[in-house]
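The structure is shown first.

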Amino acid sequence: MTTNRFIGTDRLYRNYIDGAFVDSTKDKIDVINPATGAVIARVPESDSAEVDRAVAAARTAQADWERRPAIERAGYLRKISAKIREHRLALADILVKEQGKVQGLAQVEVDFTADYIDYMAEWARRIEGEVLTSDRPNETMLLLRKPVGVVAGILPWNFPFFLIARKLAPALVTGNTIVIKPSEETPVNAYIFAELVAETDLPKGVFNLIGGRGRVTGEALAAHPGVDLITFTGSVGTGSHIMQLAGKNLTRVNLELGGKAPAIVLKDADLDLAAQAIFDSRVINTGQVCNCAERVYVEQDVHDALVTKLKTLFESTRYGDPSVESDLHMGPLVNQAGLDKVAEAVELAKTQGAKVVTGGKIADRGQGYHYEPTLLTGATAQMDIMRRETFGPVLPVQSVSGLDEAIALANDSDYGLTSSVYTRDLNAALKAARELKFGETYINRENFEAMQGFHAGRRKSGIGGADGKHGLYEFMETQVVYIKGE
């Protein structure tokens with residue numbers, strides 16, 4: 001790919017606070033290309049004083065921002081989305097180099113981000129309150145929806161550019177201001193986003209960006225008394241820690257956490273469709289997606305046939321360095337820790353009795369964090385590989401007697417984000433939809449949510465949700481007004 005002026009070790013990246021770029025006096029964080037292990041950028045490590053400045057700027061700007069009509073706020077969002085489209089190729093290239101995302105998926109993420117911002121801007125004329133019936137004569141009751149105030153958006157590394165939009169767009173259109181902290185693994189795209197915002201006339205303080213590690217900058221932001229809502233996407237452990245920090249100030253939280261999505265394949269299913277959809281849902285972003293298919297329950301009559309089809313797909317997977325190779329299914333894992341975690345999970349599964357059909361080891365690529373696409377059979381409900389989130393290109397398969405057993409095993413999980421079912425039987429599909437205890441269920445299709453839906457989990461998969469009308473209202477609170485007439 002061509003040289004990208006937005007990324008480089010000699011380029012200066014600065015926090016964006018109160019409408020201005022601010023040089024950080026603290027240490028720098030190396031950003032690594034996970035496909036090669038090379039340092040490709042150095043970004044600021046912000047401290048609590050810089051967090052204070054960003055939150056104060058957002059607080060100062062919020063009152064005026066809230067007073068502006070929602071349609072005016074939406075106009076600023078459209079200017080941001082236009083800037084994204086103007087630089088779509090360069091932005092996708094950043095995602096390829098700092099996260100290891102394949103080129104096609106990186107471009108999808110950038111384009112979807114622009115579309116998402118425009119979609120949320122469309123809600124400016126659709127935010128609704130309610131008129132309630134009073135118990136008293138000559139009294140009118142109104143339920144109003146108002147912004148929460150200052151939002152802190154703490155981002156993950158797996159879809160880092162889109163998650164800016166998922167947090168910023170609904171926050172801003174509803175009258176909140178925001179402070180964004182990107183992941184230290186993939187911060188460059190967020191710094192360039194700030195540069196694009198600076199090219200618009202968005203009022204100062206409405207959007208602020210501070211970089212740094214979670215244990216320093218993230219903790220300072222989550223514990224800050226000036227924040228009214230923390231929206232976080234990431235691991236269960238970090239989400240739990242953020243809740244503890246937020247609890248000291250009784251700050252509201254919106255958490256999208258991990259998943260262990262079950263895919264149920266019944267004997268009447270279109271096995272070609274099921275195998276392809278499960279494969280697509282497993283290798284996308286190298287398996288580093290919370291709603292990826294993480295475990296398969298297949299009726300025993302078609303177990304061998306499905307495994308044969310999955311084996312063919314897994315063995316045909318094209319993977320490598322997406323910055324120099326196109327038309328890949330997947331790239332590397334994000335870092336050494338992620339690679340080690342996946343390798344350890346597979347070794348433990350083998351020790352516990354699972355059989356490797358294909359893959360099963362770190363790929364010999366000479367550099368970078370690559371793991372072979374791996375298919376396992378002989379899995380049982382007691383194995384860690386069926387219970388813990390793997391977050392890598394590994395798929396365990398368990399044989400079941402029928403739908404009832406599959407649903408029971410699927411629900412027996414700490415997670416409850418997404419699920420999928422493959423069947424030609426409408427009654428079976430409806431039964432599964434009724435009984436599966438997950439925020440989303442996909443019938444005869446891959447796991448990938450729509451912006452107008454509601455992406456929400458149960459149990460340890462999170463609190464609250466995102467997208468659509470219901471996701472928009474996560475950034476608002478209600479006020480009931482009683483008006484007594486004569």
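The side chains of Glu256 and Arg166 meet in a salt bridge of 3.3 Å, N to O (a salt bridge is a side-chain nitrogen of Lys or Arg within 4 Å of a carboxyl oxygen of Asp or Glu). Glu256 lies in strand β11 (residues 252-256) and Arg166 in helix α5 (residues 160-173), so the pair ties together parts 90 residues apart in sequence. Helices (H or I, at least four residues) and strands (E, at least two) are DSSP runs, numbered from the N terminus. The model is predicted: local features need pLDDT of at least 70, side-chain atom pairs count only at pLDDT 80 or more, and totals for chains, interfaces and linings use all residues. Residues are numbered from 1 along each chain as its sequence is written, and side-chain values use heavy atoms, with hydrogens and water left out.

**Salt bridges**
- Both Glu256 and Arg166 are buried (buried means under 20% relative accessible area, exposed over 50%, partly exposed in between; 1.4 Å probe, protein chains only).
- A network of salt bridges links Arg166, Glu256, Glu449 and Asp467.
- The count comes to 34 salt bridges.
- Glu372 forms a salt bridge with Lys361, with the closest N and O atoms 3.0 Å apart.
- Glu372 is buried at a relative accessible area of 16%, whereas Lys361 is partly exposed at 47%.
- Asp412 and Arg387 meet through their side chains in a salt bridge (3.4 Å, N to O).
- That pair links distant parts of the chain, 25 residues apart: Asp412 is in the loop between α12 (403-411) and β17 (415-416), and Arg387 in the loop between β15 and β16 (394-400).

**Asp115**
- Asp115 sits in helix α4 (residues 103-121) and is partly exposed, at 37% relative accessibility.
- Not counting residues up to four places away in sequence, Asp115 touches Arg85 and Met451 (contact means heavy atoms within 4.5 Å).

**Glu184**
- Glu184 is in the loop between β8 (177-181) and α6 (188-198), and is partly exposed with a relative accessible area of 25%.
- Beyond four places in sequence, Glu184 touches Ile29, Val31, Gly212, Arg213 and Gly214.

**Helix α7**
- Buried residues in helix α7 (residues 214-222) are Thr217, Gly218, Ala220, Leu221 and Ala222.
- Their cover includes α1 (48-67), β7 (150-154), β8, β10 (229-233) and α8 (236-247).
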